[in-house]
Amino acid sequence: MNAGVILPGATLGVLGSGQLGRMFTIAARRLGYRVDIYSPDSDTPAGQVGDVEVVAPYEDLDRVRDFARAVSVVTFEFENVPSATSRAAAEVVPVRPAGEVLHITQQRLREKTFLGSHGFPVTPFRRITTLGELEAAARDLGLPAVLKTASFGYDGKGQQKLRSVAELPAAFAALAGAEGIYEAFVDFSKEVSVIAARTLDGGFAAFPVFENAHADHILDVTFAPAAIPEALSAEAVRLARGILEALDVVGLLTVELFVTRDGRLLVNELAPRTHNSGHLTIDACVTCQFEQQLRAVCGLPLGSTELRRPAAMANLLGDIWISAGGEPDWAAALSDPLVKLHLYGKASPRKGRKMGHLTATGATVEEAVERVRSARARLVPA
Ligand code: AMP
């Protein structure tokens, strides 16, 4: 074994405490590791299954250093951790992926500038800080377009579709002083993602390409393998590999891509962590995305990403509890023995809140999608 490998029995530190941290912790425990969780919240999805749940602000750098002293490596499940937090942890232990990866990917302008300057395909974009810049962008890049806040955006939050020049003043006002990014609208036929891991010595492994369907800007259903030509899948993985190498990622990173109507790939967004579209790997791949993140950050060899069977995942949002008027009918969903239930331990179901997911496998991808959609429909009694 190489020096510097973090072996089972060691304690791993996670910044962030949501469902991604929970599923990482469950995978890590299976391999015999201990996991400490750091976030400002208590009784969290990850904290419930971790060894230690540190409840402190990300800005409390002394607490961050104390947290780091108790672990062998720090990783993330949430990318909006301040740069100063990852720097403070890195004074004490390795942080993987490095804070610089987090810094680039947590701000859309930095991310798209990085991608564009390294030759990765992205939709044309502009930085917006004044109404004049917005008007110029609309003139130069055209309409329709999407105006997004440069920071702290996810699941379509802080995003507006622009169709006409008349909408520009109100759209600018809605930024409320935040820095914006103007993106030419992509007329896409599909959205896909590549989740890939890279080790300290440059080892690389990508999962099969996942195809993603959104509802109200939130991921709704993912299935694998994606229904795209093999050459396009290979190209998506090649792009992902180039991106992980350009960013010198040690750990796991997700690349979200658009497939345009004329069959090209454009990178939409990067996430320096596991991803909602990878949840089906738990039930359908030889190695799940969470174990792969662990292997990459601990310096272990990467596991096989082979898909054992076609699979589909459906998110369970708080909306289902609201429609059911209380607890969903879990037994009805599980009446299909090929359906697996994952719940995140969140107490209050709110509209749009990710509470859990279902995964189904099948002989074909169409069958898996049908099984997971009908299982979800059975959660709400007619
Ligand atoms: P994002 O938060 O950037 O991942 O965007 C959320 C969703 O909005 C994406 O998954 C797309 O469905 C849509 N979207 C984002 N950017 C664009 C764009 N430039 N053109 C068309 N649709 C977009």
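**Figure 1. Tyr38 and Phe67 form a buried ring pair.** Tyr38 and Phe67 are both buried in this predicted model. The centres of their rings lie 5.3 Å apart. The ring planes meet at 65 degrees, so the pair is edge-to-face; edge-to-face means planes over 60 degrees apart. The pair links distant parts of the chain. Tyr38 sits in strand E2 (residues 34–39), and Phe67 sits in helix H2 (residues 61–69). The two are 29 residues apart. Tyr38 and Phe67 also belong to a cluster, joined by ring pairs, that includes Tyr58 and Phe78. The structure holds 5 aromatic pairs. A pair of aromatic rings is described by two values, the distance of the centres and the angle of the planes.

**Figure 2. Trp321 and Trp330 pair edge-to-face.** The ring centres of Trp321 and Trp330 are 5.5 Å apart. Their planes stand at 65 degrees, so this pair is edge-to-face. Are these tryptophans buried or exposed? Trp321 has a relative accessible area of 10%, so it is buried. Trp330 has 15% relative accessibility, so it counts as buried. The cut-off for buried is under 20%.

**Figure 3. The ligand sits in a shell of 17 residues.** The ligand is surrounded by 17 residues. Which residues are the closest? They are Arg108, Lys148, Val186, Glu191 and Glu269. By class, the shell has 6 nonpolar, 5 polar and 6 charged residues.

Figure 4. Look for three residues here: Glu191, Gln159 and Asn268. A polar side-chain atom of Glu191 lies 2.5 Å from an oxygen atom of the ligand. For Gln159, the distance from a polar side-chain atom to a ligand oxygen is 2.9 Å. For Asn268, it is 3.1 Å. How much of the ligand's accessible area does the protein cover? On its own, the ligand has 480 Å² of accessible area, and the protein covers 93% of it.

**Figure 5. Three domains make up the assignment of the chain.** The domain assignment gives domain 1 (11–95), domain 2 (124–184) and domain 3 (188–377). The C-alpha centres of domain 1 and domain 2 lie 34 Å apart. Domain 2 and domain 3 each give at least three residues to the shell around the ligand.

**Figure 6. Helix H5 carries several buried residues.** H5 spans residues 108–117. Arg108, Leu109, Glu111, Lys112, Phe114 and Leu115 are buried in this helix. An α-helix has 3.6 residues a turn, so residues three or four places apart point the same way. At the start of H5, a side-chain oxygen of Gln107 comes to within 2.9 Å of the backbone nitrogen of Leu109. Gly119 follows H5 and has a positive phi, near 85 degrees. Arg108 is also among the closest residues to the ligand.

**Figure 7. Ala89 is buried in helix H3.** Ala89 lies in H3 (residues 83–90). Its relative accessible area is 1%, so Ala89 is buried. Val74 is 15 residues away along the chain. Even so, the C-alpha atoms of Ala89 and Val74 are separated by 7.3 Å.

Figure 8. The bond from Arg96 to Pro97 is cis, with omega near -10 degrees. Pro97 lies in the loop between H3 and helix H4 (99–105). The bond from Ala224 to Pro225 is also cis, with omega near 0 degrees. Where is Pro225 found? Pro225 lies in the loop between strand E12 (218–224) and helix H8 (230–246).

Figure 9. Asp216 is found in the loop between strand E11 (210–215) and E12. His217 is found in the loop between E11 and E12. Phi of Asp216 is near 50 degrees, a positive value in a residue other than glycine. Phi of His217 is about 70 degrees, again positive although His217 is not a glycine. Asp216 has 71% relative accessibility, so it counts as exposed. His217 is partly exposed, with a relative accessible area of 49%.

Note on methods
Residues numbered from 1 in each chain as written. Predicted model: local features only at pLDDT ≥ 70, side-chain atom pairs only at ≥ 80, totals over all residues. Heavy atoms only, no water. Buried < 20%, exposed > 50% of the residue type's maximum accessible area, 1.4 Å probe, protein only. Helix = DSSP H or I, 4+ residues; strand = E, 2+ residues; numbered from the N terminus. Polar contact = N/O pair within 3.5 Å; in protein donor to acceptor, adjacent residues only side chain to side chain. Near = heavy atom within 4 Å. Areas by Shrake-Rupley, 256 points an atom, 1.4 Å probe, with all protein chains shown as cover. Nonpolar A, V, L, I, M, F, W, Y, C, P; charged D, E, K, R; others polar. Domains from an automatic or database assignment. Phe/Tyr/Trp six-rings, centres within 6.5 Å; stacked < 30°, edge-to-face > 60°.
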